Amino acid sequence: MSTRKVKIFDTTLRDGEQSPGCSMNFNEKLEMARQLERLGVDVIEAGFPVSSPDDFRAVEAIAKIVKNSTVAGLARCVEGDIQRAWDAVRHAAHPRIHVFLATSDIHMKYKLKMTPDEVVARVADMVRFARSLCPDVEFSAEDASRSDRDFLVKVFDTAIAAGASTINIPDTVGYSTPNEMYDLVAYVKAHLQNPAVDISVHNHNDLGMGVANTLESIRAGATQVECTVNGIGERAGNAAMDEIVMALRTRGDFYGCTTGINTRQIYRTSKLLSTIIGVGVAPNKPIVGANAFAHESGIHQHGVLAERTTYEIMSPDDVGIYQNKMVLGKHSGKHAFADRIAELGYRMSDEDIAEAFERFKEMADRKKEITDRDIEALVGNAAISD
Ligand code: KIV
Ligand code: ZN
């Protein structure tokens with residue numbers, strides 16, 4: 001089976017940040033953006049620059065520091081938004097303007113109060129304007145999954161003719177089922193006048209099908225997927241990055257796709273986000289939950305000890321959870337402690353290591369065994385940098 005690469009578009013800093021209790025300050029957004037670049041995402045949607053001066057400043061700063069990922073700013077199909085998005089991302093090594101307009105009857109009638117013809121005309125004008133500023137323009141048809149399919153294709157054809165190089169099919173309200181998303185992506189791909197563009201999907205998780213919808217969209221030909229760390233996002237969230245990436249990797253035999261993600265950075269990225277926003281993940285969350293690689297029952301423990309693959313379909317090491325290492329305890333020295341910090345992927349000054357080691361000793365007096373997760377809690381944010 002031939003293997004194709006799917007682009008990962010991360011919107012943790014935009015759609016993710018829109019979810020209640022998940023806001024981040026300027027420095028936290030920068031820290032998160034650095035980690036997303038280290039993780040290897042293709043696109044970082046850094047924010048919605050017109051939404052507030054703080055958001056603008058964060059997107060602008062992220063655009064200046066990120067070198068390897070494309071940095072996108074969101075804009076409605078309004079000149080002022082698009083100009084503001086461009087002003088924020090223009091310094092990026094790879095800038096992108098992401099414009100969106102709704103295409104479903106319900107949104108056009110009640111929210112936009114525009115006719116379908118007016119929507120088409122607006123998309124043509126605003127994508128052309130965005131393209132006059134930026135060489136990389138993405139167009140999203142908000143509420144695409146509840147839109148008339150032929151109208152949707154007409155809008156996408158219009159956006160592509162006006163200069164969009166990525167068209168995005170959002171399941172904005174998380175209403176679709178996996179086979180519906182498969183059909184929709186396949187339909188759009190088959191009917192576009194010029195299909196030589198990236199076809200993206202953006203699936204919300206209201207019915208718990210965000211990841212499944214994304215994986216089926218990939219099977220139907222999507223070349224970019226939009227997702228967030230830990231699945232945070234509006235309402236019930238967006239499709240979780242870690243689950244999509246590890247499904248593609250673990251079931252490469254089925255999907256025949258890869259991503260550019262350095263999977264060993266997945267756990268650290270999840271942890272950093274949880275620490276920043278103060279919202280943890282459920283213990284039974286796939287991939288990064290505390291129990292994702294825990295084996296409680298004797299039968300399972302016995303099996304895993306005899307042969308890991310009896311009950312593990314992925315290795316915790318592959319997502320950056322290093323479990324089977326020497327146990328640290330109160331007799332461990334600073335050297336072993338510093339080595340473990342480095343192995344976990346953290347970089348710390350000698351001074352910070354010395355401080356963390358003091359806290360480690362106090363913890364070791366209370367706890368018999370110190371796990372990697374305890375160490376991560378000890379080093380906290382101080383350690384996350386190059
Ligand atoms: O859910 C959605 O439709 C969006 C768009 C702005 C892409 O977030
Ligand atoms: Zn969304």
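**Helices, contacts and loop residues in a predicted model**

Tyr175 lies in the loop that joins strand E7 (166-171) to helix H8 (178-191). Helices (H or I, at least four residues) and strands (E, at least two) are DSSP runs, numbered from the N terminus. The structure is a predicted model, in which local features need pLDDT of at least 70, side-chain atom pairs count only at pLDDT 80 or more, and totals for chains, interfaces and linings use all residues. Residues are numbered from 1 along each chain as its sequence is written, while chains are lettered from A and ligands numbered from 1 in the order in which they are written.

Leaving aside residues up to four places away in sequence, Tyr175 touches Ser145 and Arg146. Contact here means that the C-beta atoms of two residues, placed from the backbone, lie within 7 Å. Tyr175 and Gly210 are 35 residues apart in sequence, and their C-alpha atoms are 9.4 Å apart.

Helix H2 was examined next. Helix H2 covers residues 26-39, and its 14 residues should span 20 Å at 1.5 Å a residue. The expected span is 1.5 Å times one less than the number of residues. The end C-alpha atoms of H2 are 20 Å apart, which agrees. The buried residues of H2 are Lys29, Met32, Ala33, Gln35, Leu36 and Leu39. Viewed down the axis of H2, these residues fall within an arc of 165°, so they line one face of the helix. The arc is that of the directions from the helix axis to the C-beta atoms. An α-helix has 3.6 residues a turn, so residues three or four places apart point the same way. The cover over the buried residues of H2 includes strand E2 (7-10), helix H1 (12-16), strand E3 (43-47), helix H3 (53-65) and helix H12 (266-277). After H2 comes Gly40, with a positive phi near 100°.

One of these partners, H3, crosses H2. The axes of H2 and H3 come within 10 Å and cross at roughly 35°. Axes are lines fitted to C-alpha atoms, for helices over the stretch in contact, and angles run from 0 to 180 degrees between N-to-C directions. The crossing is right-handed. A crossing is right-handed if the near helix is turned clockwise from the far one by less than a right angle, and left-handed if anticlockwise. From H2, the contact uses Phe26, Lys29, Leu30, Ala33 and Arg34. From H3, Asp54, Arg57, Ala58, Ala61, Ile62 and Ile65 take part. These residues divide into 7 nonpolar, no polar and 4 charged. Ala, Val, Leu, Ile, Met, Phe, Trp, Tyr, Cys and Pro count as nonpolar, Asp, Glu, Lys and Arg as charged, and the others, Gly among them, as polar.

H12 has 12 residues and reaches 17 Å from first C-alpha to last, close to the expected 16 Å. H12 is mostly covered, with 10 of its 12 residues buried. Among them are Ile266, Tyr267, Leu272, Leu273, Ile276 and Ile277. The packing partners of the buried residues are H1, H2, helix H10 (241-250) and helix H16 (372-379). Gly278 follows H12 and has a positive phi, near 70°.

Most residues other than glycine have a negative phi. Arg235, however, has a positive phi near 55°. Arg235 sits in the loop between strand E9 (224-227) and H10. With 13 C-beta neighbours inside 10 Å, Arg235 counts as partly exposed. Ile287 likewise has a positive phi, of about 70°. Ile287 lies in the loop between H12 and helix H13 (298-306). Ile287 has 26 C-beta neighbours inside 10 Å and therefore counts as buried.

Met348 is found in the loop between helix H14 (334-343) and H15. Met348 counts as partly exposed because it has 18 C-beta neighbours inside 10 Å. Met348 and Val379 are 31 residues apart in sequence and 8.8 Å apart in space, C-alpha to C-alpha.

Note on methods:
Buried ≥ 20, exposed ≤ 12 C-beta atoms within 10 Å, placed from the backbone.
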